[in-house]
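Here is a quick look at one protein model, starting with the space inside. Have the structure open as you read.

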Amino acid sequence: MPGSLKEQLKPRIREHGFWVSVIEQALGHYGVGLAQSSLAYNLTNGIRPDAPFIEQANCNLVWTEASRLADDDLFGLRLQRLFSPTVFNLLNLSASTCGSVTAALGHLIRFFPVISSQVRLELQRDADRSWLLIIPVGKPHAQQLEAMLGYLGHLLRQLDPTSDGLLTGATLRRPDLDLELCRRLLGCDEVHLGEMYGLAMPQALLDKPLPSADAFIATRLTDTLQDMLASLPSHDLVEQVKRRVQLLLGSGDISVERITGPMNISPRHLRRKLSQEGTSYEQLVDEVRRETAMRMIGEGQLSLTSIAYELGFLDPSSFTRAFRRWTGMSPTSFRQQVAESSTDR
């Protein structure tokens, strides 16, 4: 296949349009605005306030112009001190109602797509320290990645009201930065240059209960975020279906009719389109259950019985049979293997 055609067939990466408004609000603190750049103005004036997304390449150009107008190489990292978008405040509040730091981080990872389409979050744990990593999707601008780092650092500080030292360090990929200034902006003890963007936390604090936990409010905020997540467009039908299945797990009804209703297509049409993609609805449900089961067992927060019901199984024995089919071992053996692996590291 010719290279140009391959490029055309790649899924487009776009960013939430509200980031343009966030950048504009922050630039106001410098006494400048995007209108002072003809390039940025032409890229953004036509999309605001109605268009919900901006192409990644155009978003990168806006970040370049914003950094130039502000004359600040750390504009993105400083953003969290200048302006906090409403959707980030919502996610911050929702995470703070979780029962523990680990649960809050899992909540954050799950719902971060409502914040950005250009990154995904990943939690890596070892014996002494854990990292909340920012994984780029496509080629987002360095200023955008540093803005994410700053906002996430602010969120971790919010989850640490007693100042126990939840945020201990950070790593950035971009060279030639004032690391001491980065440390002050992030409010952590150590900042290093590395291959990834991420925030370090002591492993011992991840199971710490949150004093702000509130199950009643958590349920309602989670429902709101689920609605927001389900409404995000997807150019990949398979991923869109898997996302909706994920949201319905544990509800007791993950029928194809509940999936197709919000998509405004018939079950028959969906099955035909999935067949063209080389899969089926039942296969996607099975994949989501398998992926979620392995993640939840690895996190070690819920009993195997609770996980079975969270995945929508009628009883634990049905879950055990399915897990043996997926992995060739029982859920109990898999959990022991994960525990032994963590101990060996």
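Ser84, Phe88, Asn89, Asn92, Tyr151 and His154 line the largest cavity of this predicted model, where a cavity is a set of points on a 1 Å grid over the protein atoms alone at which a 1.4 Å probe fits but cannot get out, and lining residues have an atom within 4 Å of a point. The space inside comes to about 30 Å³, and the count of cavities of 30 Å³ or more is 1. Two helices, α6 (86-96) and α8 (142-158), each give at least two residues to this lining, with α6 providing the largest share, 3 residues. By type, the lining splits into 2 nonpolar, 4 polar and no charged residues.

| Residue | Relative accessibility |
|---|---|
| Cys59 | 3% |
| Cys98 | 12% |

How far does the predictor trust all this? The pLDDT, its confidence in each residue from 0 to 100, averages 86 over the protein, and 92% of the residues score at least 70. Strand β7 (residues 197-202) has the highest confidence, at 96, while helix α1 (residues 3-9) has the lowest, at a mean of 37. Over residues 1-10 the pLDDT is below 50, and beyond near neighbours in sequence this stretch has 2 contacts in the model, a contact being heavy atoms within 4.5 Å.

Residues are numbered from 1 along each chain as its sequence is written. Local features need pLDDT of at least 70, side-chain atom pairs count only at 80 or more, and totals for chains, interfaces and linings use all residues, while side-chain values use heavy atoms, leaving out hydrogens and water.

Notes. Buried < 20%, exposed > 50% of the residue type's maximum accessible area, 1.4 Å probe, protein only. 1 Å grid on protein atoms, 1.4 Å probe; cavity = no way out; pocket = protein on both sides within 12 Å on 5 of 7 lines; lining within 4 Å. Points joined across faces, edges and corners; volume = space filled by probe spheres on them. Helix = DSSP H or I, 4+ residues; strand = E, 2+ residues; numbered from the N terminus. Nonpolar A, V, L, I, M, F, W, Y, C, P; charged D, E, K, R; others polar. pLDDT = per-residue confidence, 0-100.
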